[in-house]
Amino acid sequence: MARLAAAAALVFPPACGGSPSEPSSGMATVHFVYSASTTTRPDIPPDLIACVRFSEPTHAHVGWRRFELVNLTAVGADRWELTQTDVPVGPENQMLISDPNACLTQENGFATSNLTANGVALVSRPVPDGGGPGFGFRVTANGTVTP
Amino acid sequence: MRMIRPDAGLNVTNDPQVVEASVGHSVVRVDFYYHIDSYGAAPSSQSAMDPPTLIVTLTSPPWRVSWPLPAGCGNTVSLLAVGFDACGAGNDTGLVTVTTCKP
């Protein structure tokens with residue numbers, strides 16, 4: 001039976017983010033905080049309307065679920081939060097943040113700063129599979145995040 | 001300005017699908033976009049997420065386009081049309097979100 005399970009794992013690898021050569025060894029809970037205005041600026045020029053509409057409300061695309069769109073929760077005027085309980089332990093995970101106000105500085109509205117994961121500041125990096133700049137990190141089983 | 005078709009919430013299977021917007025008389029240009037919010041039962045290799053894609057820019061009516069569906073079934077896709085007048089002022093339909101199936 002164990003041999004069959006191992007064979008199945010080889011034939012049907014998990015469809016999660018991270019390198020295929022780095023299998024996950026479980027899942028961890030990660031709390032994300034994105035520090036940015038929770039209201040869309042009124043002075044965004046008309047030629048950025050499409051970027052704004054597709055970026056609002058501010059949301060995340062999580063790489064370990066094929067960049068599925070997940071809405072963030074506004075907390076006050078300058079803070080967005082998100083908790084994910086299925087973040088793969090081990091491989092590098094990727095995430096993008098779409099923010100309508102970021103359309104003024106990034107053509108597709110992707111944030112490039114002000115994101116923390118379990119209290120650790122993440123650094124912007126290219127995420128080609130996500131369509132723009134995003135963030136990468138690893139997490140251990142106890143929730144320790146490494147940018 | 002509003003999207004005439006498809007209706008929000010539809011499961012779209014016609015490929016290509018006609019996407020049409022109703023606009024005001026002053027509109028001289030309409031840009032149609034789509035964005036894949038999430039993939040459905042796609043192959044595991046289909047893990048890339050694209051930014052919004054411009055389907056077409058029209059400068060005269062009718063304000064409609066034949067939109068080739070993305071591959072796969074169960075995709076959640078948002079459509080948007082943005083109209084501009086001769087002075088460059090813009091308005092939009094708001095996002096219309098549908099699910100698509102192109103086996």
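**Core.** I began with the nonpolar cores of this predicted model. The largest one holds 55 residues. I noted which members have the most contacts inside that core: A:Ile97, B:Val30 and B:Leu79. In soluble globular proteins, nonpolar side chains tend to be buried together.

**B:Leu79.** I then asked which residues B:Leu79 is in contact with, leaving aside its neighbours within four places in sequence. I found B:Met3, B:Val19, B:Tyr34, B:Val96 and B:Val98.

**Chain B, elements.** Next I looked up the secondary structure of chain B. I counted zero helices and nine strands. Read from the N terminus on, the elements run β-β-β-β-β-β-β-β-β. I checked the radius of gyration of chain B, which is 14 Å; the globule rule gives 13 Å for 103 residues, and the two values are close, so I put chain B down as being as compact as a globular protein of that length.

Along the principal axes, I have the C-alpha atoms of chain B filling a box of roughly 45 × 25 × 20 Å. What share of the 103 residues of chain B counts as buried? I wrote down 32%. I also looked at contacts in chain B with a separation of 6 or more: residues 24 or more positions apart account for 66% of them.

**Contact between the chains.** I turned to where chain A and chain B touch. The contact takes 17 residues from chain A and 22 residues from chain B.

**Sheet in chain A.** Last, I followed an open sheet of five strands in chain A. I read its order as E4-E5-E1-E7-E8, with antiparallel pairing. Why is one side of E4 and of E8 in chain A left without a neighbour in the sheet? Strand E4 (73-74) and strand E8 (120-121) of chain A stand at the edges and have a single partner strand each, so each has one side with no neighbour there. I then took one pair from this sheet. Strand E1 (residues 27-34) of chain A pairs with strand E7 (residues 115-117) of chain A in the antiparallel sense, over three bridges. As a landmark, I noted that A:Tyr34 stands opposite A:Leu115 in E7(A). Strands of a sheet pair through backbone hydrogen bonds, either parallel or antiparallel.

Definitions and conventions: Residues numbered from 1 in each chain as written. Chains lettered and ligands numbered in written order. Predicted model: local features only at pLDDT ≥ 70, side-chain atom pairs only at ≥ 80, totals over all residues. Contact = placed C-beta atoms within 7 Å. Helix = DSSP H or I, 4+ residues; strand = E, 2+ residues; numbered from the N terminus. Rg over C-alpha atoms; globule rule 2.2 N^0.38 Å. Buried ≥ 20, exposed ≤ 12 C-beta atoms within 10 Å, placed from the backbone. Pairing = 2+ DSSP bridges. Core = buried A, V, L, I, M, F, W, Y, C linked by C-beta atoms within 7 Å.
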